[in-house]
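Please look over the structure shown below before reading the briefing that follows. The notes begin with how its parts are named and then go through it topic by topic.

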Amino acid sequence: MSSPKDDPKRAASEVGGSPVGADQSDPEVIGVRRGMFGVHGSGDTSGYGRLIRQITIDAGSPRPYGGYFDELVDRLAAALKEADEAVEFQDAVEKVVVYLDELTLHVRREHLPSVARRLRDDPQLRFELCLGVSGVHYPDESGRELHAVYPLSSITHGRRVRLEVAAPDGDPHIPSLFTIYPTNDWHERETYDFFGIIFDGHPSLTRIEMPDDWQGHPQRKDYPLGGVPVEYKGAKIPPPDERRSYN
């Protein structure tokens with residue numbers, strides 16, 4: 001007999017969630033987090049030790065998206081079809097998510113340069129500024145563990161949009177946007193340094209914070225906390241990796 005700990009669908013029902021596949025628009029449950037931030041053995045006395053929360057992936061937002069979001073998506077779809085290498089919007093963009101008044105386009109990695117170029121060059125879109133790239137590590141999202149997030153800003157039209165791209169741990173390659181947004185140079189290097197995402201086409205993808213011979217990528221959730229024991233007023237405090245572990 002399985003326990004809720006082993007069965008995300010059953011555990012989700014404990015907190016009022018729905019099983020995976022109950023509705024195509026429902027978020028997909030990929031795991032369950034127990035306690036505050038998934039910490040075990042920390043001596044937590046806050047009462048959060050019994051907290052059960054499902055780890056979900058947003059299935060996408062329905063139309064209308066609101067504000068200028070619908071106009072932006074429709075114009076991008078038209079611009080992609082008008083490009084020299086025409087591509088359908090649904091082939092390039094996996095889903096559209098509107099959350100907290102922000103529009104996020106989840107782009108398939110092979111189409112990232114094409115989408116970014118259309119957003120930059122089309123006169124009705126004109127997203128001239130990319131504010132960098134941030135890495136995210138979702139170890140529970142099998143086959144899509146590594147994400148790169150690009151906030152774009154249109155100074156011309158006073159609009160914003162976010163692009164999000166996923167890659168698996170076993171093939172952490174995402175096309176570089178250096179040739180489209182040169183200011184991404186150091187941002188892509190930092191994301192590679194901390195998360196291990198390889199940006200294909202970057203002119204010099206080397207570490208920017210950690211030493212060149214550093215092993216691993218420190219901001220991944222599977223990276224050991226490390227540290228050294230510390231003595232304080234006669235008490236010996238163990239290093240972080242001996243004090244707690246993350247699920």
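Helices (H or I, at least four residues) and strands (E, at least two) are DSSP runs, and they are numbered from the N terminus. By this scheme, the secondary structure of the chain comes to six helices and 14 strands. This is a predicted model, in which local features need pLDDT of at least 70 and side-chain atom pairs count only at pLDDT 80 or more, while totals for chains, interfaces and linings use all residues. Residues are numbered from 1 along each chain as its sequence is written, and side-chain values use heavy atoms, with hydrogens and water left out.

**The chain as a whole**

- Of the 247 residues in the chain, 37% are buried, where buried means under 20% relative accessible area, exposed means over 50%, and partly exposed lies in between (1.4 Å probe, protein chains only).
- Among the contacts in the chain with a separation of 6 or more, 51% are between residues 24 or more positions apart; contact here means heavy atoms within 4.5 Å.
- The chain exposes about 14300 Å², and carbon and sulfur atoms supply 49% of that area (accessible areas come from the Shrake-Rupley method with a 1.4 Å probe, and for residues only the protein chains shown count as cover).

**Helices H2 and H4**

- Two packed helices are described by the angle between their axes and the distance between the axes.
- Helix H2 (residues 69-82) and helix H4 (residues 112-121) pack at an angle of about 115 degrees, with their axes 10 Å apart; axes are lines fitted to C-alpha atoms, for helices over the stretch in contact, and angles run from 0 to 180 degrees between N-to-C directions.
- That angle makes H2 roughly perpendicular to H4, since angles under 35 degrees count as roughly parallel, over 145 as roughly antiparallel, 65 to 115 as roughly perpendicular and the rest as oblique.
- On the H2 side the contact is made by Leu72, Leu76, Ala79 and Leu80, and on the H4 side by Ser114, Val115, Arg118 and Leu119.
- Seven of the 10 residues of H4 are buried, so that this helix is mostly covered, and its buried residues pack against H2, helix H3 (89-92) and several strands, including strand S5 (102-107) and strand S8 (146-154).

- His137 is found in strand S7 (residues 134-137), and it counts as buried because its relative accessibility is 2%.
- Leaving aside neighbours within four places in sequence, the residues in contact with His137 include Glu145, Asp169, Phe195 and Arg220.
- Phe195 is also one of the buried residues of helix H5 (residues 185-195), and the buried residues of H5 pack against S7, S8 and strand S11 (198-200).
- H5 is followed by Gly196, whose phi is positive, near 85 degrees.

- Most residues other than glycine have a negative phi, and most peptide bonds are trans.
- A cis peptide bond, with omega about -10 degrees, joins Arg63 and Pro64, and Pro64 lies in the loop between strand S3 (52-57) and H2.
- Tyr99 lies in strand S4 (residues 93-99) and counts as exposed at 56% relative accessibility.
- Leu100, in the loop between S4 and S5, has a positive phi of about 55 degrees although it is not a glycine, and at 68% relative accessibility Leu100 counts as exposed.
- Asp101 lies in the loop between S4 and S5; its phi is positive at about 60 degrees although it is not a glycine, and at 72% relative accessibility Asp101 counts as exposed.
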